[in-house]
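I opened the model to look up a few contacts and packing arrangements. The entries follow in the order in which I consulted them.

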Amino acid sequence: MRMRALSRVLAVFALAVCAGAAVQAAEPATRLIVGFQAGGGLDSVARALADALNRDGGQKVIVENRPGASGIIAIDAVRNARDGDSVLVILPSGSITMTPHTNKHFKYDPRRDLAPVARLATYTLGIAVGPQTGAATLPDFLARARRSSALAAYGTAGVGLSPHYIGVKLAGESGVNLVHVPYKGAGPAINDALGGQIPAVISTVPALLPAARDQRLKLLATTGSRRDPIAADVPTFAELGYAGLELEEWFGILAPAATPPETVARWNAAINRALESNALRDALASQGFAPAPASVGAFRDLVIADYEKWGNALRGTGDTFSN
């Protein structure tokens, strides 16, 4: 009698466990979409974040790369997500707040088309050149580029992003006709600079630093208001007389506009907890990114401020930075 009763209890327990496992297995993973190719700095940050969130245990996150069009393909995937889809996008600030002003073929307003969730990290940009240029300083490179059109080109992660803007501003302020060569991410642009296919590349300082430390590229200048701590021997553009090239960037997470506020708040809390973990902070620091958590409200205010800043900066220039 007791054995039969115990067997019934165990059977019920086993069914409950199986049912719970089935429910857990049925819960869809959240897709974290990256707007650039695998292997770049943003992709590495996304994968480190996904690992941290998965370790937290409250959610399952998988990284999905949707490269192309300076992050627009990734934005479209989130903006047009079906009801019930659990999806986030990670992008550099330029894709979020600058692209709406620079791409005449694709218009969206981050104030109404996306829901800001969390800021991850801040960083600066830099320009680096390959050894084939023979340049040791920014003035030296610009002088050589002025004399030889073969040296007057630079690659970036795509059209209409802040590295492209820095290149256009540098050309305008220096008087050197620098040709922009867009790629589908920073990694391919850096690889072509290393291989000598392009003379220069403008990207994030963390992305450029490994090759610069190995002396395969020469980092000439950075966009910070002061020297970047991870590249303290490299002057800022402002130090070299280009005050209009001062810029600090950030990575952020956004969700579809219809995402409920409580879901946005839950993701913000989870991401900020992840940013407190040694694993994610070390992953960011190892690449030269500074963790920069923010509340939902503070991040939303930053998105709006930067969107309006770029609108004012680009209005009336006559250049949409579009292909």
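Entry 1, a polar contact. I looked up the side chains of Thr124 and Asp228 and found them joined by a polar contact of 2.6 Å. The term denotes a pair of N or O atoms within 3.5 Å; within protein, one must be able to donate a hydrogen and the other to accept it, and residues adjacent in sequence count only if both atoms are side-chain atoms. The model is predicted: local features need pLDDT of at least 70, side-chain atom pairs count only at pLDDT 80 or more, and totals for chains, interfaces and linings use all residues. Residues are numbered from 1 along each chain as its sequence is written, and side-chain values use heavy atoms, with hydrogens and water left out.

I placed Thr124 in strand 4 (helices, H or I, at least four residues, and strands, E, at least two, are DSSP runs numbered from the N terminus). Thr124 is buried, with a relative accessible area of 8% (buried is under 20%, exposed over 50%, partly exposed in between; 1.4 Å probe, protein chains only). Not counting residues up to four places away in sequence, Thr124 touches residues including Ser203, Pro206, Thr222 and Leu247 (contact means heavy atoms within 4.5 Å).

My search of the whole structure returned five aromatic pairs (rings of Phe, Tyr and Trp, the last by its six-membered ring, with centres within 6.5 Å; planes under 30 degrees apart are stacked, over 60 edge-to-face, the rest tilted). For Tyr123 and Phe289, I noted ring centres 5.7 Å apart and planes at 80°, so this pair is edge-to-face. Tyr123 belongs to strand 4 and Phe289 to the loop between helix 10 (278-286) and strand 10 (290-291), so the pair ties together parts 166 residues apart in sequence. Both Tyr123 and Phe289 are buried. For Trp250 and Phe299, the centres are 5.3 Å apart and the planes at 80°, so that pair is also edge-to-face. Trp250 lies in strand 9 and Phe299 in helix 11; both are buried. I also recorded one aromatic cluster formed by Tyr123, Phe251 and Phe289.

Which elements cover the buried residues of helix 4? I found among them helix 3 (72-79), strand 3 (87-92), strand 4 (114-129) and helix 11 (296-314). Nine of the 10 residues of helix 4 (residues 93-102) are buried, so this helix is largely enclosed by the rest of the structure. The buried residues of helix 3 are Ile72, Ala74, Ile75, Ala77 and Val78.
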